[in-house]
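Me: Hey, I've just opened this one and I'm new to it. Can you walk me through what's there?
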Amino acid sequence: MNRITAIAAALVCGLGMSAQDAASQDEYSEDFLKPAKASSVEVVEAYNNNVHKLFIGENNYDFSYMVKPSLMSEYCLAYDKEAGELVYKIVTGKNVWSVTRDGEGQYSAEETTLKVPEAVGTSLSTLVMLATESSRLFDPANDVFGLDGVTYEFTHSNGITAECWSPRNGNCRQLVDMMETVCQLVKENKADDIMRLTPSVYGLINGFLQVMPGRTLE
């Protein structure tokens with residue numbers, strides 16, 4: 001079994017689990033992203049602004065997936081619909097957090113782009129659209145806090161920005177696994193392998209639809 005087939009099989013198996021089954025295996029099932037809110041801490045708000053300026057700037061991306069680890073380099077995956085490209089950017093040198101916090105040093109980002117079929121961009125965009133919409137159903141009682149984890153932030157052209165923090169299970173874990181796989185394949189210049197993930201992408205789309213009462217794609 002090759003690497004992509006194995007990834008797809010694992011994702012499909014995970015998607016076959018119902019929300020009730022996932023919940024029975026852990027304290028709760030992380031099936032919804034949560035709304036991204038501005039921080040009341042000045043240095044954190046400055047950091048978030050710096051990350052957005054570096055990765056997004058004035059670009060009009062259809063969606064973006066931004067990863068903000070506590071200790072490692074930040075990176076981003078975005079879809080340029082007009083150019084038909086997936087865009088991967090990763091910070092080089094000091095990470096944005098250390099520069100923002102210390103007020104000294106510089107940071108920059110290295111960019112990799114990959115042309116993909118429209119069907120790939122459409123499927124990923126639909127997935128991120130539904131994932132961000134799911135934040136409307138997030139229960140604050142299920143919020144997770146911790147130290148030295150990773151914040152995964154999703155923004156769609158629907159105007160919604162939502163996030164999750166080091167998800168352990170449910171749709172959120174599957175979503176992060178999917179986007180991490182796509183990031184790796186963009187870096188490896190493997191558009192055909194990304195195309196092979198499309199059935200698993202639609203499987204996860206259905207996973208979000210199942211927990212969003214009344215939501216359809218028709």
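Me: Which residues form one aromatic cluster?
Reply: Tyr65, Tyr152 and Phe154 make up one aromatic cluster. Rings of Phe, Tyr and Trp (its six-membered ring) pair if their centres lie within 6.5 Å; planes under 30 degrees apart count as stacked, over 60 as edge-to-face and the rest as tilted.

Me: Before we go on, what kind of model is this?
Reply: It is a predicted model: local features need pLDDT of at least 70, side-chain atom pairs count only at pLDDT 80 or more, and totals for chains, interfaces and linings use all residues. Residues are numbered from 1 along each chain as its sequence is written, and side-chain values use heavy atoms, with hydrogens and water left out.

Me: OK, how many aromatic pairs are there?
Reply: The count comes to five aromatic pairs. One of them is Tyr47 with Trp97, an edge-to-face pair at 5.4 Å centre to centre, with 90 degrees between the planes. That pair links distant parts of the chain: Tyr47 is in helix α3 (residues 42-55) and Trp97 in helix α4 (residues 96-102), 50 residues apart. Helices (H or I, at least four residues) and strands (E, at least two) are DSSP runs, numbered from the N terminus.

Me: Is Trp97 buried, exposed or partly exposed?
Reply: Trp97 is partly exposed, with a relative accessible area of 22%, while Tyr47 is buried at 7%. Buried means under 20% relative accessible area, exposed over 50%, and partly exposed in between (1.4 Å probe, protein chains only).

Me: And how are Tyr65 and Phe154 arranged as a pair?
Reply: Tyr65 and Phe154 are tilted, 5.1 Å centre to centre with 40 degrees between the planes. Tyr65 sits in strand β2 and Phe154 in strand β6 (residues 150-156), so the pair ties together parts that are 89 residues apart in sequence. Both Tyr65 and Phe154 are buried.

Me: In what order do the strands of the sheet come?
Reply: The open sheet has seven strands, in the order β1-β7-β6-β2-β3-β4-β5, and the pairing is antiparallel. At the edges are β1 (34-35) and β5 (107-115), each of which pairs on one side only. Two strands pair if DSSP finds at least two bridges between them.

Me: What does β3 pair with?
Reply: Five bridges join β3 to strand β2 (residues 63-69), and six join β3 to strand β4 (residues 85-93). For example, Phe63 has Tyr79 in β3 as its bridge partner, and Tyr75 has Ile90 in β4.

Me: How many residues are there between the strands of each hairpin?
Reply: The β2 and β3 hairpin has five residues between its strands. For β3 and β4 there are four, and Gly84 in that turn has a positive phi of about 70 degrees.

Me: How much of β3 is buried?
Reply: Five of the six residues of β3 (residues 75-80) are buried, so to speak mostly covered.

Me: Switching to helices, how many residues of α5 are buried?
Reply: In α5, 13 of the 16 residues are buried, so the helix is largely enclosed by the rest of the structure. Thr132 is placed in α5, and its relative accessibility is 0%, which counts as buried.

Me: What does Thr132 touch?
Reply: Not counting residues up to four places away in sequence, Thr132 touches Leu33, Phe154, His156, Asn158, Ile160 and Ala162. Contact means heavy atoms within 4.5 Å. A polar atom of the Thr132 side chain also lies 2.8 Å from the backbone oxygen of Met129.

Me: How many disulfides are there?
Reply: The count is zero. A disulfide is a pair of cysteine sulfur atoms within 2.5 Å.

Me: Last one: which residues other than glycine have a positive phi?
Reply: Among them are Ser166, with phi near 40 degrees, and Asn189, at about 60 degrees. Ser166 is in the loop between β7 (161-165) and α6 (170-187), and it is partly exposed at 23% relative accessibility. Asn189 lies in the loop between α6 and α7 (191-196), and Asn189 is exposed, with a relative accessible area of 55%.

How values were computed: A polar contact is a pair of N or O atoms within 3.5 Å; within protein, one must be able to donate a hydrogen and the other to accept it, and residues adjacent in sequence count only if both atoms are side-chain atoms.
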